[in-house]
Amino acid sequence: LKVLAMTRVDAPAPAPARAASGGAGEIDDVTLRRAARGDEEANRAVFDRYKDRVFAYLWRMLGPRATLALVEDLTQDTFLRAFEALPRFSIDGPARLSTWLLAIATRIAFNELRRQRRRGGGATVELVEDSLRGETRTDQQAERRAIAARIATELGKLSPEHRAVFVLREYHDLSYDEIARALEIELGTVQSRLSRARAALRAALEDLR
Amino acid sequence: MTAREDDRDERIDPELLAAYEVPAPSADLGDRYMARWRRRGEGESTRRSWWRIGAAAAALVAAGIGIGLVVGRRDPSTRDDAPAAGEASVAERHEIRIRGGIAVAEANARIRWHVDDAGAMHVEQLRGDVFYRVELGLGFVVETPAGSVTTLGTCFRVETSASGDVVTVYEGAVQVANASGSRRVSAGERVGASITAAATTTPDDRAKIAQLQARIARLEADARLAVQPLGMHADRNPMVDLTPEKLAELARVCHVPYDVPPFAGSSLVDRMIEEGYSKLGFTADERRAVTRVVEKLQPAYEAELHALYTELTGESGDALDLLTLTVEIAQKTPAADLAAAQRQVSRERAGLATPPRDSGGTVIERMLRSGIALGDVFERALARELPAARAHEFRRTWGGVNLGPSCAGP
């Protein structure tokens, strides 16, 4: 319920003067190299630059099971793991840092979803302070919230592998190549998973269109 | 972009998808991350302590704050990315994250661990005193010079010394074994084992263990409560004065938040009571009136929660306070039962379903049903001692239980 009271956070960040790997919204190479050498300030700059994107991705990957505490935990895990591996990240290579981070976040999300499955799913709980504040909500807000809940539920019905492809494409605008690299799958697999995910979502959300 | 990526025609309406928004992460997320990053080389767990110490599905939310203690039924400290092998020798008390659980090693303790081919975790406790919390369903063996302790999903402590081991179990059960024999040790039991003798019950009394269990539970509950700034006493308690429309809205997402009177027994509640008094300028007479009502109603509610806890777990829970009992009941309820109870009770509360005639239902259902009535009962009793408006004003300073929604709505 809190979701719709919040601001969307995964909009692309402003592009720096000199972007790593040439991507819009990417951090500059100098900062990235400093971060790879373990510079604390640079590390923070990288985190601040990408945290919203990683958080948004993990939130949607976890779907109805997402809670603020859990997703923040996983976001931190993603960056901690990324910084351990950052010296091996090829700054001059084809991969954008954002795509590389989303690839790490994908593995972390898969692990978490597997862990939840192993434990029988468990009940996820989330705070709903906004809904309890008592302010009157407009019908439009209520409708939008209902749509969001539907999308979250339907996305949650996809397998994690299909969901990842869908979210990376539809919400993060990654190219097919980038998705293939991030998920370590063939280009054809990206296409087929995306196609199936879209078909499932389209059918499930038909009445909302 | 390649031709095949020009998939605008295939894409689902972006405006529709945009409705699925994402909340903003907490403002202090960067600071917390940096703190973890700085600790990364120290072998310390990368989890926040309140997550580490346990899982809970309930939350006591300070009045009016809208934040709370809402945690999942999970223990992220046991995620797969924890180290599968390692060794630690600690000079002072230290928490070590290992695959399948956590180990809190006291000063001078030393452990080594690895995951075997079958996926079971083996910990070699070479010396010292170590507390373990282990995830259910994983093979987890602690080997000591005096024998081995195989866990069956639990929370326990192993103290090694030259004369042997002492194993204390707080939750679940373990199997203690050595060349001389083997025995199962359950929650609340403490056994000693030496290299030459099988495990035998130590003279330690159960009362002491119960106290320790209660202390752990209290610390865990308080830690959860201390997670976020409480910001108590905003203008209103969001769990009070819910309109029929709001109740219907909550029912649609199977959500049953309820306010809880200031029953004594938890440091947080004590604090809430004091802040409520202070905010409203309660006189000594008014405070005494509140105390009288608490003394009148708390024992019955406490007895009811204890009975529910016992029915659910088979344990007495005598040493647990109200908050901990609430958390434990929610935590130990199967997820499906919890979701079903939230659905049923939220609908009853909104007038969309009828409660069972025989006051039946699952334990969690009865706890929720009782919970949603509690605030009114207390307020009515207090209104017999104080002006009704004053009683209601005080009620708005209470906290409450918030398990969050359990369904996605229509």
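## Helices α10 and α11 of chain B

Helix α10 (residues 363-383) of chain B and helix α11 (residues 388-395) of chain B have axes that come within 8 Å and cross at roughly 140°. The model is predicted. Angles over 145 degrees count as roughly antiparallel, and those from 65 to 115 as roughly perpendicular. α10(B) and α11(B) are therefore oblique to each other. Their crossing is right-handed.

On the α10(B) side, the contact is made by B:G375, B:D376, B:E379, B:L382 and B:A383. α11(B) supplies B:A388, B:A391, B:H392, B:F394 and B:R395. By class, this contact of α10(B) with α11(B) has five nonpolar, two polar and three charged residues.

## Helices α7 and α8 of chain B

The second pair is helix α7 (residues 284-313) of chain B and helix α8 (residues 322-332) of chain B. Their axes come within 10 Å and cross at roughly 30°. That angle makes α7(B) roughly parallel to α8(B), because angles under 35 degrees count as roughly parallel. The crossing of α7(B) and α8(B) is left-handed.

## Residues between α7 and α8

Which residues of α7(B) meet α8(B)? They are B:Q298, B:Y301, B:E302, B:L305, B:H306, B:L308, B:Y309, B:L312 and B:T313. In α8(B), they meet B:L322, B:L325, B:T326, B:E328, B:I329 and B:K332. The residues of this contact of α7(B) with α8(B) divide into eight nonpolar, four polar and three charged.

Note on methods:
Residues numbered from 1 in each chain as written. Chains lettered and ligands numbered in written order. Predicted model: local features only at pLDDT ≥ 70, side-chain atom pairs only at ≥ 80, totals over all residues. Heavy atoms only, no water. Axes fitted to C-alpha atoms, helices over the stretch in contact; angles between N-to-C directions. Helix = DSSP H or I, 4+ residues; strand = E, 2+ residues; numbered from the N terminus. Left-handed = near helix turned anticlockwise from the far one by under 90°. Contact = heavy atoms within 4.5 Å. Nonpolar A, V, L, I, M, F, W, Y, C, P; charged D, E, K, R; others polar.
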